[in-house]
Amino acid sequence: MANIDYTKYMVTKPLYEACPGVKNKQSPAMTYMSSALVPEANYYLQLAWVTGMPDPNPHVYEHVHGYDEITFFWSGDYKQPHTLGGEIEFYLGGQPITFNTTTSIFVPKGLRHGPVTWKKYDRPHMVMHLMLGCGDYKKAWGNSGIEKPSTKMPQKTDTTDFERYVIRSPLGELGDPDTRGRTYPSMTYMSRMQVPEANHYLEVSWLYEMPDPNPHIMGMAHDTEEIVVHVGTDPNNPEDLGGEIEFMLGGQPLVFNKTSAIYVPPGVIHGPLTWKKVTNPHLEMAIMLGIGSFAEGWGGELP
């Protein structure tokens, strides 16, 4: 991969194309990964702040698509990372799933899901949708029925307990206990240990001051794809990260101060990550694609 300008894998300016027309929820949502943004990435990742009771509510109705999906609802307050800031009812296979904690849901392809209804709102929180194996939202959701209202609530038609796909409390696996200024341990919200059908690994950490040591993550390479996301926590200025980071990718320094997503192709060395400044708390997320445990991705420990 000589002579590659790795900036092509970094997205610091989102598309605004999906899920329009909803009040009190960022609408359209911020698309930070798609085939249009990074042609090599066959994934669609969108983020949206919720800043009040959404209207209409629900605005996501029962639908089905031909791709696996990860949906993630997380707290906007690093001091209360496990308390969502609202209560949501999410139908999965006709079964109502209700939660008020930071929660991730694995939706296998072909499984009907929705509607999604906010029952309570307390403070701002974030919603993420990650479509796996499809980088075009029109292809993924276009004919799914997601925007088609129904007066009938979904009915469960089998004995499966779909709670098996819901992660309400994270695993704590990664991190250095001597590191300051960030979450320890990081919070694993998707893995094969938690959901056996999910061969993906998603972990998040809050950065709330300059980390020490800095950098604390050195160079590494994986055999699989990865998406690294850094998300600011100001819903009034959602594209602002609240810090400045230097991310080495393929030996090239990528410097950014905006909410961003970086696609890391298999075999490309990435890291170290060095924080140049921290002005507001922000969230760091690593999504390992095609592996189900941190040992498969990092060989049992971070370099």
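At 31% relative accessibility, Cys19 counts as partly exposed, a class that lies between buried (under 20% relative accessible area) and exposed (over 50%), computed with a 1.4 Å probe on protein chains only. The model is predicted, so local features need pLDDT of at least 70 and side-chain atom pairs count only at pLDDT 80 or more, whereas totals for chains, interfaces and linings use all residues. Residues are numbered from 1 along each chain as its sequence is written, and side-chain values use heavy atoms, with hydrogens and water left out.

**Cysteines**

- The count of disulfides comes to zero, a disulfide being a pair of cysteine sulfur atoms within 2.5 Å.
- The closest cysteine sulfur to that of Cys19 belongs to Cys134 and lies 14 Å away, which is too far for a bond.
- Seen from Cys134, the closest cysteine sulfur is that of Cys19, at 14 Å.
- Cys134 has 3% relative accessibility and therefore counts as buried.

**Strand pairing**

- Strands are DSSP runs of E with at least two residues, numbered from the N terminus, and two strands pair if DSSP finds at least two bridges between them.
- An open sheet is formed by three strands in the order 8-7-10, with antiparallel pairing.
- Its edge strands, each pairing on one side only, are strand 8 (95-101) and strand 10 (113-121).
- From one strand to the next, the twist averages 20°, where axes are lines fitted to C-alpha atoms and angles run from 0 to 180 degrees between N-to-C directions.
- Strand 7 (residues 83-92) runs antiparallel to strand 10 and is joined to it by six bridges; Leu92 stands opposite His113 in strand 10.
- Two bridges pair strand 2 (residues 15-16) with strand 4 (residues 30-33) in the antiparallel sense, and Leu15 has Thr31 of strand 4 as its bridge partner.
- Strand 4 is also joined to strand 5 (residues 43-55), by three bridges and in antiparallel fashion; here Thr31 stands opposite Gln46.

**Aromatic rings**

- The structure holds 13 aromatic pairs; rings of Phe, Tyr and Trp (its six-membered ring) pair if their centres lie within 6.5 Å, and planes under 30 degrees apart count as stacked, over 60 as edge-to-face and the rest as tilted.
- Phe72 and Trp74 have ring centres 5.1 Å apart and planes at 50°, so this pair is tilted.
- Phe72 counts as buried at 1% relative accessibility, and Trp74 counts as buried at 4%.
- One aromatic cluster is formed by Phe73, Phe90, Phe99 and Trp118.

Technical notes:
Helix = DSSP H or I, 4+ residues; strand = E, 2+ residues; numbered from the N terminus.
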